[in-house]
Amino acid sequence: KYFNKSSKNLKNDLSLKNISIYSESTSTYIDNIDYVSTDSRGNKYQLTAELAEIKKEDSSLMFLENVIAYIFSKNSGTVKITSNFGKYNTSNYETIFYENVIITQPGRKITGEYADFSMGKNLGTITTNVIYTGEKKILLADRIEMDLTTKDTKIFMNNSNEKVIIEGTR
């Protein structure tokens, strides 16, 4: 019921190995969920969590605990995202990660407290206590935006009078 929504652009697969499902009056809980989507360009998105809560009033939303996600891009490598909590919308594939968000990809790491990934817009936005660590630089900023296909990254401050802090060697 919750995972078989069809779409022209995405193919979904839910792995139900060693999970348990239990219900309360207002929610359904699933242990050890593994959700996989593939888009029309061949990019793959995998989302796993120790616990998923699905509220009965809106079954398209999953509230997640101890989240690990991977974006496998055909042209630009893999991005790994971890967080303590998340929210995943099964109808539009929008994903929010919050609390201790860590995003890693070859050569760089981004940490923050909140990340919003829009598969429809092909955009990831990371905010709140953002630290970008590259091979020889550390940047402190308010917001980072990442193109999910190319992995191109833009780094911003919310106040135009403030500057991104850059530490490292040239």
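User: Hi! What joins β4 to β5?
Analyst: A hairpin of five residues joins β4 to β5. Strands here are DSSP runs of E with at least two residues, numbered from the N terminus, while helices are H or I runs of at least four residues. Before we go on, this is a predicted model, where local features need pLDDT of at least 70 and side-chain atom pairs count only at pLDDT 80 or more, while totals for chains, interfaces and linings use all residues. Residues are numbered from 1 along each chain as its sequence is written, and side-chain values use heavy atoms, with hydrogens and water left out.

User: Thanks. In which sense do β4 and β5 pair, and over how many bridges?
Analyst: β4 pairs with strand β5 (residues 61-73) in the antiparallel sense, over ten bridges. Two strands count as paired if DSSP finds at least two bridges between them.

User: Which residue in β5 stands opposite Ala 49?
Analyst: Val 67 does.

User: And how do β3 and β4 pair?
Analyst: Strand β3 (residues 27-38) and strand β4 (residues 44-55) are antiparallel as well, with eleven bridges between them. Thr 28, for instance, has Ile 54 in β4 as its bridge partner.

User: What about the turn between β3 and β4?
Analyst: These two strands make a hairpin with five residues between them, and Gly 42 in the turn has a positive phi of about 90°.

User: Let's switch to charges. How many salt bridges are there?
Analyst: The count is two, taking a salt bridge as a side-chain nitrogen of Lys or Arg within 4 Å of a carboxyl oxygen of Asp or Glu. Lys 55 bridges to Glu 53, with the closest N and O atoms 3.2 Å apart. Glu 145 bridges to Arg 143, where the closest N and O atoms are 3.4 Å apart.

User: Which ring does the charged end of Lys 55 sit over?
Analyst: The ring of Phe 63, with the charged end 6.0 Å from its centre. The rule asks for NZ of Lys or CZ of Arg within 6 Å of the ring centre and within 35 degrees of the ring normal. Lys 44 also lies over a ring face, that of Phe 72, at 5.5 Å from the ring centre.

User: Nice. How many aromatic pairs does the structure hold?
Analyst: Five. Rings of Phe, Tyr and Trp (its six-membered ring) pair if their centres lie within 6.5 Å; planes under 30 degrees apart are stacked, over 60 edge-to-face and the rest tilted. One of the pairs is Phe 85 with Tyr 98, stacked at 5.7 Å centre to centre with 20° between the planes.

User: Why does that pair tie together separate parts?
Analyst: Because Phe 85 lies in strand β6 (residues 77-89) and Tyr 98 in strand β7 (residues 95-105), the pair ties together parts 13 residues apart in sequence. Phe 85 is partly exposed at 26%, and Tyr 98 is partly exposed at 31%.

User: Why is the pair of Phe 97 and Phe 117 edge-to-face?
Analyst: Because their planes stand at 90°, with the ring centres 5.6 Å apart. This pair links Phe 97 in β7 to Phe 117 in strand β8 (residues 108-118), 20 residues apart. Phe 97 is buried at 0%, and Phe 117 is buried at 1%.

User: Last one: which residues do ring pairs link into a cluster?
Analyst: Tyr 35, Tyr 45 and Tyr 88.

Notes. Buried < 20%, exposed > 50% of the residue type's maximum accessible area, 1.4 Å probe, protein only.
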